[in-house]
Structure formats: structure tokens, C-alpha cells
Amino acid sequence: MSLSSSVKLKDRLNIVGQFFHNRLAGRPTAVTIEITKRCNATCDFCPYWEADEVEEVKDFTPAIKYFQPIWVSITGGEPLLRKDVVEIARKIRDIPGFRFISVYSNGWLLTERLVGELVDAGVSNIQVSCNFPDERQDTERGIPGLWKKLNSFMPEMVKKGYGGNLGIGTFLCQENLDCVIDLAHVVHGWGINHSFSSYSRLKNDNHTHELPAEYVPKARNVVKELVNLKRSHKNILVSEEYLKTIPEFSAKGQLPGCTAGDKFLYIDQQGYIKQCPELPAVAHISNLDEYQSQPVSCGLCWYACRGEHQTSISPRRLQEWLE
Ligand SMILES: C[S@@+](CC[C@H](N)C(=O)[O-])C[C@H]1O[C@@H](n2cnc3c(N)ncnc32)[C@H](O)[C@@H]1O
Ligand code: SF4
Ligand code: SF4
């Protein structure tokens, strides 16, 4: 497990080099493509599954060639609903340059065959969302049987040799603070990596899952335990610095200094380029030269994709990265 199981040391050193190269050239280092808004789940904190069906971009490679990011995240909606998801990954893999490709999924449509095809197509990390260590996962996603599936599928895939390519993504929210440590132990037991993020109300203005002020002390204790588990289990990928700022964000309700559009950007299923998923489109994949990153004054989310880009590169972080 740990990053070293999915990214070789040589590649990690390449990533560090390319990171500084992109930054000096003023290019984003991470591009997320939302290849569909369609979804087979009905989460109450995400409106994507309610979106109207629209024509979806077939080829995202012009944007990847243009921005030359290190990290490419393929997400949705539920990206596995697209029949050409493997082809999308393969085309990105075939663009010259080092790329770390991830696919984000709720996990319901994953099969051994699909995992194998995605890995063969250059996907290093298939990150499956899971916020609870039991059937509350089914209720949250509106998919009966989801927890049972994940609980058997993940260890099975590890036995087949895909442990380094699979991970779980969990966001901290009001409902899972009491069980997120249990979940961390379960995921460690499965033998795969684990990432954390924090809840945002911005997707559909749903405040019910936020961590209100009275939850902040509890969140600090949970984060302290996660930091300890990160040091002992070695399978928690987000940085200590990011984890520690989650309760801080909840206490303040916002944090300044967002680098959306400068260090990372999003492209939606219709090819519109956005500095972050919550901001309006500023260009289109058919007119990449029009893209110009504008400073953002918003500080209203603390998604890991935002927070990790903002945390400073301390000696401890470099050590975590290279360990
Ligand atoms: C939009 S989903 C798309 C991929 C896939 N359908 C899934 O759920 O994993 C990408 C990630 O965003 C997370 N997410 C969705 N709504 C969120 C919210 N309101 N706050 C924080 N994370 C959210 C999901 O749990 C998932 O990990
Ligand atoms: S979070 Fe993922 S699984 Fe849930 S509705 Fe949104 S896209 Fe679908
Ligand atoms: S803080 Fe940044 S990433 Fe988050 S919603 Fe605002 S602009 Fe987007």
C-alpha cells in the first residue's frame, strides 16, 4: 500500500520535476474532466444525477495536450456509465509526458474486468467513494447492496493484485464523524489506500451535512487520530497539513487563498472549462487559447482538490510524498 505501491520512486521524482516545470510555465498541474453528469445514484448533496442528458464530449485529449497536466482525474456524474471510459483513459495515457490518471466512482458498476481494462489503459488509481463502514453507504447513495459489494469486492481485487490501483475517498461530514475511524481501519484491512476530503454545501446548497461549530472539537480529535493512523498504517494519502485544516475550515466557514484555475481546473461533459466545478465556464475545449485564469476571491469549500494545492510544500510533505 501507500503511494509507493501505485507510483514508482522514479515516477514520483518525475512528478516533482514536472510539478515545478508546470508552475514556472504558469500551467495547472491538475485537470479534472467530468465526462458525464449522468449518475446511477441519488445522493442528496450532489445534483448531478438530476441533470438533463446532453451531448457529451468524445475526445478530451486536445485539452490535455494543451495544459499538459500531471494529474488527470476522470470523474462525473458516474464516469463508469460511459461505455467509452476505458478509451478516454487510454487516449490520455497515449499523450507523450508523464501523467497520473485517476478515475472517481461510486463503485457500483465496477467489475474485475473493468478494473483490469482501466489499469491496462493507464489508470493508476480508481478511487471509490465511501463515507460509512456499513449499510448507511447504501442509504447515502440510494443504491441498495452497495456496502456489501464494496466490502467483498475490494479485498477480492487486492487478492487479484490490484491493491495498488484501488482506493477509497471519504469526505468528513456531520453524519460520519463517529464512524470514520472505524472506516479507516476497515479500508486498511482491505489493503488499499484511503483519501479524505471535506463536505461542501455548494453543490446544491444542502447545509445538513456540514460540521457546525459544536462539532469542531470532535472533528479535531478525529483528525488527530487520522494523522496517527496515517503515520502507522501508511495507506492514507492526503497530507497531514490538509487533514489538520479541515476543522479549521469548519470553524471559520471559509478559508482564503484558493488557487482554482491557476493550479487546477475542470472541464465538464460538454467541454466547458471552469476554474472549479462551482464557478461559471470561462472557455471551451474548442477554443483553448481563450482560457485565462482569473484570481478567485471565493474561499467557501475545502475539497481536498483545493486544499492540497494550497498547502505549502514543507519538508514533512516532501518526505510523505517520497516515503
Ligand atoms: C461528484 S463525485 C463523481 C464520481 C462518483 N460519482 C462518486 O461519487 O465517487 C466525485 C466526488 O465528489 C464527492 N462529493 C460529491 N458531492 C460532494 C459534496 N457536496 N461535498 C464534498 N464532496 C462531494 C463524492 O463523494 C465523490 O467522492
Ligand atoms: S456524488 Fe457521485 S454518486 Fe453521488 S450523485 Fe454525485 S455523481 Fe452520483
Ligand atoms: S474555494 Fe475555490 S475551489 Fe472552492 S468553491 Fe470557491 S473557487 Fe471553487
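Helices, of at least four residues, and strands, of at least two, are DSSP runs numbered from the N terminus. In this predicted model, the protein chain has twelve helices and nine strands.

The overall form of the chain comes next. The C-alpha atoms of the protein chain occupy a box of roughly 45 × 45 × 45 Å along the principal axes. A compact globule of 323 residues would have a radius of gyration near 20 Å, and the protein chain has 18 Å, so the two agree. Of the 323 residues, 40% are buried. Contacts in the chain can also be sorted by sequence separation: among those between residues at least 6 apart, 75% join residues at least 24 apart.

Two ligand surroundings can be described. Around ligand 1 there are 17 residues, and the ones that come nearest are Phe-45, Cys-46, Tyr-104, Ser-129 and Ser-200. Strand 3 (100-105) and strand 5 (166-172) are the elements that give two or more residues to this shell. By class, the shell around ligand 1 holds six nonpolar, nine polar and two charged residues.

Which residues are around ligand 3? They are Leu-202, Cys-258, Ala-260, Cys-276, Glu-278, Leu-279, Val-296, Cys-298, Gly-299, Leu-300, Cys-301 and Arg-306. Nine residues of the shell around ligand 3 are nonpolar, one is polar and two are charged.

The last stop is helix 5, which spans residues 112-120. Glu-112 is found in this helix. Met-157 is 45 residues from Glu-112 along the chain, and the C-alpha atoms of the two are separated by 7.0 Å.

Arg-113 also lies in helix 5. Arg-113 has 8 C-beta neighbours inside 10 Å, so Arg-113 counts as exposed. Arg-113 and Phe-132 are 19 residues apart along the chain, and their C-alpha atoms are separated by 26 Å.

Technical notes. Residues numbered from 1 in each chain as written. Chains lettered and ligands numbered in written order. Predicted model: local features only at pLDDT ≥ 70, side-chain atom pairs only at ≥ 80, totals over all residues. Rg over C-alpha atoms; globule rule 2.2 N^0.38 Å. Buried ≥ 20, exposed ≤ 12 C-beta atoms within 10 Å, placed from the backbone. Contact = placed C-beta atoms within 7 Å. Near = placed C-beta within 6 Å. Nonpolar A, V, L, I, M, F, W, Y, C, P; charged D, E, K, R; others polar.
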